[in-house]
Amino acid sequence: MAGAESERLLTSTQCEELLRRARGFARGGGTTTIEARSWWQGELRWGRNRVSLSSDRRDIAVRVIRRVEGGEPTIVETNQIDDVSLESAVRAAERQSKLGARPGVGFGFFPKLPAYEPYSKGHIWSDATYGLSTEERGETARGMIEPAEAKGLVSAGYLEVRGATLARLGDDFPELRSAPHAHWHMPYTRWTHAHCSTTVRDATGTGSGWAGSSSYDWSAIDTTALADRAVEKCVASRNPVALEPGRYTVILEPQAVADLLEVLLRKLHQRESPESGQPGPWLLGRDEALGLWRSKLGLKVVDERITLEHDPADPLLGILMSLTEQPEPVRWIEGGILTNIGHYFDTDVRALEGRYHLRGPTGYRMSGGSTTVDEMIATTRRGLLVTRFSNIRELDGVSLLSTGLTRDGLWLIENGKVSKAVKNFRFTESPLFMLNSIEQLGEPVPVFRPARAEGAAPTPAIVPPLKVRDFSFTSLIDAV
Amino acid sequence: MTLSRRDLLKYGLHAGLLIALPRPLLADFGRGPEPIPPIQDPRVRALAERAVEAARAAGAAYADVRLTHTRIRDYRAASIRSVLDREDMVAGVRVLVDGYWGFAGSPVWSPDEMARLATEAVSHARVSSVGGVREVELVPAPPATGHWKMPVEIDPFEVSPFEIIDYLSSLAAFASKWSEWGAGQNSCSFQVQEKAFASSEGSYCTQQLYRSEGAFTITLQKDRRSVARGSLDVLTPAGLGWELYTRQPLRELILQLMEEVEEHWKLPPKPVEVGRFAAACDARTVARFADATLGRATELDRALGYEANAGGTSYLADPLSMLGTHEVGPATLTLRGNRSEPGAAATVQWDDEGVRPDDLIIIREGTLNDFQTTRESAGWLADVYARRSMPVQSHGCAGAPTALQAPLQHSPNLVLDPGSAALDFDGAIAELEQGVAIRGLGLDMDFQGMNGLGTTDRIYEVRNGRKVARIVGAGVLFRAPELWKGLQALGGRDSVRRYGMSAVKGEPAQRSYHSVSAPPAVFDQVTLIDVARKA
């Protein structure tokens, strides 16, 4: 319990002490890995133009991964860090590990794992985020509610600032280690994340506008602009007319692009799947001559103007040591060609240079162009302007055909001008189709990344607006 | 990887029993750390009261505190390696100052921390209250006192993990006994939560709540290729212990499931014929319809716009004028809510505001009758309640996963009244001259609970009372008001089935669990579409 009273997060010293103390409780040989996380969140939520809850929460999670001699690795977690709690967690893991003992079974063949230096140059900590006071949060909310209330509209929203730490210390597979930092051993890392979003509806519920943004740095979030945009969209989206479903040229705002792209991003993990013949978007087929399955790596999969990459030095992206063993720039798609898929140590891309573990994308930057959304609209004879998508679900794991809804602002464009608000649609479309039917690209900007579990690491994304032809809308949705 | 009986003999039964012993966690009741006692211990009460006092002293008009001690054990497969054992203690204090809520939570149980959380929560509420006035009236509730333990038969934490893994392995072995069958997913999860609640209105109550759930799937293989699969639908989340497994005839149910999967596979596949059909739906489909279109839409905070920036609002958007007059469906449609049903996932003695939940009628004979409420939200309906001579009281729907989250209104258990005739799913199909039969439909709803798309691989063409083909790639497109207006018949009392469901709500998001009971039903004019067809 010590330490948690005064500090919102575990410090580096506290963490180190905790990990060593917990490891010290291990009895009976074998290996012990301890992981310690702590998180803090400051939150403020509002609805119907008034703050509905302001809160401050924190927690700790200690994970004990214990494998006694000849036993199975087992996991026990606790959120208490006193001696008794830690010792009993280690004991419980040991008892469980003994039960799974498989005498005579070794861990099989593993090549020596690579060394790497902890990467410390990523932009992931912001004092502006960690230091945002309760008062400032309240001020911000009021500043965002005011413009809506002044126009007789109804604002709801949420802002959150969080900080978290992670450290891991272990001695698994000592015979495989080549350096102190590798895989199971993670130096103390701390990061911050902030996000803010608001939905403004008109009093009769016929119009709804949304805006949101996120960053590791609270000061990079322009809350005034968010509030104004949501109000503007709400007003402009009132009294929508029903349009026939069908194929439309669409101008997708960056948020809409990112929403649909998420279906594709999830598939950039596990190169092992296509290479073992499992159906998926990246399985090319069986190479009978060589007797193996081929993936689409090296092949053009989307428009050549598309590059999806992650540079840890990118000030808008950063990187967390907990999410990679390879803190180097990585390109998933380059000039439309699939160049990387996340993989495990054994599946090595650079076979001759050593093994590494490339996880799938945790954040990404997508290439763009120079066309502004206004220019896209001006050059469109008939099309739709989409604010964002909601409730997206993949229907087919191979074509990535997905369905979902437009939400919080959809407009008809006629002869180069936004002509009227339109009722929402359900779409049935694939992100691969979207990226292969691009007419114009705009400047990439950071988009809102939905909050994940408490204390979870952020996954920032920098995405451009796109003008896409023949986007498929399959039914009318009269929900606002 | 699985453990054999030989392992059991080798390592001894006692080893298995040992790991079931609770691990001591520490709390500080003012004399330094000591092992956490059972939740009914007066020292826990003193801790809770310390928080309430500190909040009152700091200026809170109302304060409540929750302390939870939660244990979770997940078996992600039938192997000891897959077991995840988690335990946590957290505390959260919620206060009301000038109509604004503040909340603070942490993992520390000590008198000092209770005071810190209380003052922190008050400072949050004060900051929020600088702006406009916000009237919050908590409707009266009698102070809660006492202790309640959910009456489970077998505490899953008193069963050795070894025994549970052995049981899971035996299920897999049973399903694999037949050459064409294999077991797929085979997992289960148990939670026990001890919870103390105290409020500035004199409530102090403690509860011990359980939740158990599992997943078991089988696959039918032909020529070493998996051609069809099915999953047991009797292991959904429930307010039960290990008896969820041991008190059900799982082997018989697996055999029944095999028959159903076999029948499914033998039916000729057929492409979708887009159009409108009469549809016989199984209890699970009807339960999901009721949950997604009626349950979610009658959460009062959602209907009034408090969830607008998260999951959305409700098509029942004007609660005050719709109550008692708005027709949701035919007179045969009655939906009830409760948190008292034994074995159901949302069952409690007191909710997270210390309210003893009552049974409510949400839809009465087709008309919108009530909303799901908390002590705050019930007050929003005070005028309507008074007009309709209904008591102004909370239905006890406040809840949160642990004390670390501030309570929100979550769904109670939902019960759809059965029809008067003794009809079941097979009977409903038999009565259908031409139409479709639907099993286990999964739903994608819009952000107002109104328009939905349902998908499942179990949609069948029915002719003259018999399933004649399975329709491949079909989906059901519906609008809630039309769907319920097309309700033709509801299954009888014996055909009612109960399913545990979970729902996510709020910012930060919270997951809650509830059960939904429903009979099979026949709907008129259900729209079938080809899900994968683009415009």
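Two residues are in contact here if their C-beta atoms, placed from the backbone, lie within 7 Å. Helices (H or I, at least four residues) and strands (E, at least two) are DSSP runs, numbered from the N terminus.

This is a predicted model, in which local features need pLDDT of at least 70 and side-chain atom pairs count only at pLDDT 80 or more, while totals for chains, interfaces and linings use all residues. Residues are numbered from 1 along each chain as its sequence is written, and chains are lettered from A and ligands numbered from 1 in the order in which they are written.

Let's start where the two chains meet. T134(A), E135(A) and G138(A) in helix 4 of chain A touch S123(B), H124(B), V127(B) and S128(B) in helix 4 of chain B.

| Helix | Residues |
|---|---|
| helix 4 of chain A | 134-150 |
| helix 4 of chain B | 111-128 |

Their axes (lines fitted to C-alpha atoms over the stretch in contact, with angles from 0 to 180 degrees between N-to-C directions) come within 9 Å and cross at roughly 30°. Angles under 35 degrees count as roughly parallel, so helix 4 of chain A and helix 4 of chain B are roughly parallel to each other.

Now for a sheet in chain B. Six strands form an open sheet with mixed pairing, in the order 14-13-12-17-26-25; two strands pair if DSSP finds at least two bridges between them. Its edges are strand 14 (367-368) and strand 25 (497-505), each pairing on one side only. Strand 17 (residues 413-416) and strand 26 (residues 510-518) of chain B run parallel, joined by two bridges, and V415(B) has S517(B) as its bridge partner in strand 26.

Definitions and conventions:
Angles under 35 degrees count as roughly parallel, over 145 as roughly antiparallel, 65 to 115 as roughly perpendicular and the rest as oblique.
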